[in-house]
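Biologist: I would like to learn how to read a model like this one. Show me the structure, then take me through its features.

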Amino acid sequence: QVQLVESGGGLVQAGGSLRLSCVASGSIFRIGAMGWYRQAPGKQRELVAVISSGGSSNYADSVKGRFTISRDNAKKTVYLQMNSLKPEDTAVYYCNGEIGRVVGGFSSYWGQGTQVTVSS
């Protein structure tokens, strides 16, 4: 069984910062790309940032220059540093990982989500 567990969400004022973490656990052989997605009320889930196993990253235009994704492969953890937060960043943030299990091939896994609320 593989689990992704997010932490670090909360309530912050506009202009503030938060750092999200996502830890993968279970029978993991290898971790590929990992990413952060978000879903605001009444909207579809959207990609925020993604990072490859080699460290290459891509960002949604709306967060470029404000958010930074990083990973620690030894800790099986991906981070999302969010600076200069805006009210429109308010959403549930989900971690996603392409994970190869000890037995079986690669599959996509999701965390349970963590709420980020930015007040104006």
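Predicted model: local features only at pLDDT ≥ 70, side-chain atom pairs only at ≥ 80, totals over all residues.

Modeller: Residues are numbered from 1 along each chain as its sequence is written, and side-chain values use heavy atoms, with hydrogens and water left out.

Biologist: Is Val103 buried or exposed?

Modeller: Buried means under 20% relative accessible area, exposed over 50%, and partly exposed in between (1.4 Å probe, protein chains only). Val103 has 70% relative accessibility, so Val103 counts as exposed. Val103 sits in the loop between β9 (91–101) and β10 (106–110).

Biologist: How many helices and strands are there in the chain?

Modeller: Both are DSSP runs, numbered from the N terminus: helices are H or I, at least four residues, and strands are E, at least two. This chain has 0 helices and 11 strands. The radius of gyration of the chain is 14 Å, close to the 14 Å from the globule rule for 120 residues, so the chain is as compact as a globular protein of that length. That radius is taken over C-alpha atoms, and the rule is 2.2 Å times the number of residues to the power 0.38. The C-alpha atoms fill a box of roughly 50 × 25 × 25 Å along the principal axes. Of the 120 residues, 40% count as buried.

Biologist: Which residues form a disulfide?

Modeller: A disulfide is a covalent bond between the sulfur atoms of two cysteines. The cut-off here is a pair of cysteine sulfur atoms within 2.5 Å. By this rule the count is 1 disulfide. Cys22 and Cys95 form it, with their sulfur atoms 2.1 Å apart. The pair links distant parts of the chain: Cys22 is in strand β3 (residues 18–26) and Cys95 in strand β9, 73 residues apart. The torsion about their S-S bond is about -80 degrees, so the disulfide is left-handed. Cys22 and Cys95 are buried.

Biologist: With which residues is Asp89 in contact, leaving aside its neighbours within four places in sequence?

Modeller: Contact means heavy atoms within 4.5 Å. Asp89 touches Arg38, Arg66, Phe67, Ser84, Val116 and Val118, its neighbours within four places in sequence left aside. Asp89 lies in the loop between β8 (77–82) and β9. At 1% relative accessibility, Asp89 counts as buried. Asp89 and Val118 are 29 residues apart in sequence, and 6.7 Å apart in space, C-alpha to C-alpha.

Biologist: What is phi of Ser84?

Modeller: Phi of Ser84 is near 50 degrees, a positive value in a residue other than glycine. Ser84 lies in the loop between β8 and β9. Its relative accessible area is 42%, so Ser84 is partly exposed. Lys76 also has phi near 50 degrees. Lys76 is found in the loop between β7 (67–72) and β8. At 32% relative accessibility, Lys76 counts as partly exposed.
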